[in-house]
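Let's take a friendly walk through this model, one stop at a time. Please keep the viewer open as you read.

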Amino acid sequence: MYLHLGQDTVIKMEEIIGIFDLETSTISKITRKYLADAEKAGRVVNVSMEMPKTFVICSGKLGQITVYISQISSSTLLKRTKYMEGIALNDH
């Protein structure tokens, strides 16, 4: 299953490590440093030109980490993952 992050960006659900609210999670210096380091390493993909609300950390097939910045709220993305899980369960 896939999760739509905004614009034309979708990611595989099994690659998601975490979905984080930018406003509350960036209070921590550790989180701010992690995001700055990911940006410097070229691992951040901004999927919207609007005000960012969420970042999603994903791990690809080879273990590479990508951080997606999305304008969609973390609660909406979480609801979408639950909705998609429900569809998958009903297909079986």
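The side chains of Asp37 and Lys33 meet in a salt bridge, with 2.8 Å from N to O; the term stands for a side-chain nitrogen of Lys or Arg within 4 Å of a carboxyl oxygen of Asp or Glu. Before going on, please note that this is a predicted model, in which local features need pLDDT of at least 70 and side-chain atom pairs count only at pLDDT 80 or more, while totals for chains, interfaces and linings use all residues. Residues are numbered from 1 along each chain as its sequence is written, and side-chain values use heavy atoms, with hydrogens and water left out.

Back to the salt bridge: a search of the whole structure finds one. Both Asp37 and Lys33 belong to helix α2 (residues 29–40), where they sit four residues apart, about one turn of the helix. Helices (H or I, at least four residues) and strands (E, at least two) are DSSP runs, numbered from the N terminus. Asp37 has a relative accessible area of 31%, so it is partly exposed; buried means under 20%, exposed over 50%, and partly exposed in between, using a 1.4 Å probe and protein chains only.

Now turn to the aromatic rings. The structure holds one aromatic pair. The ring centres of Phe20 and Phe55 are 5.0 Å apart and their planes are at 20°, so the pair is stacked. Here, rings of Phe, Tyr and Trp (its six-membered ring) pair if their centres lie within 6.5 Å, and planes under 30 degrees apart count as stacked, over 60 as edge-to-face and the rest as tilted. Because Phe20 lies in strand β3 (residues 16–21) and Phe55 in strand β5 (residues 54–59), the pair ties together parts that are 35 residues apart in sequence. Phe20 is partly exposed at 32% relative accessibility, whereas Phe55 is buried at 2%.

Next come strands β1 (residues 2–6) and β2, which run antiparallel and are joined by four bridges; two strands pair if DSSP finds at least two bridges between them. Tyr2 stands opposite Lys12 in β2. Two residues lie between the strands of this hairpin, and Gln7 takes a positive phi near 50°.

Our last stop is Thr81, in helix α3 (residues 74–90). Thr81 is buried, at 8% relative accessibility. A polar atom of its side chain lies 2.6 Å from the backbone oxygen of Leu78.

Key. Polar contact = N/O pair within 3.5 Å; in protein donor to acceptor, adjacent residues only side chain to side chain.
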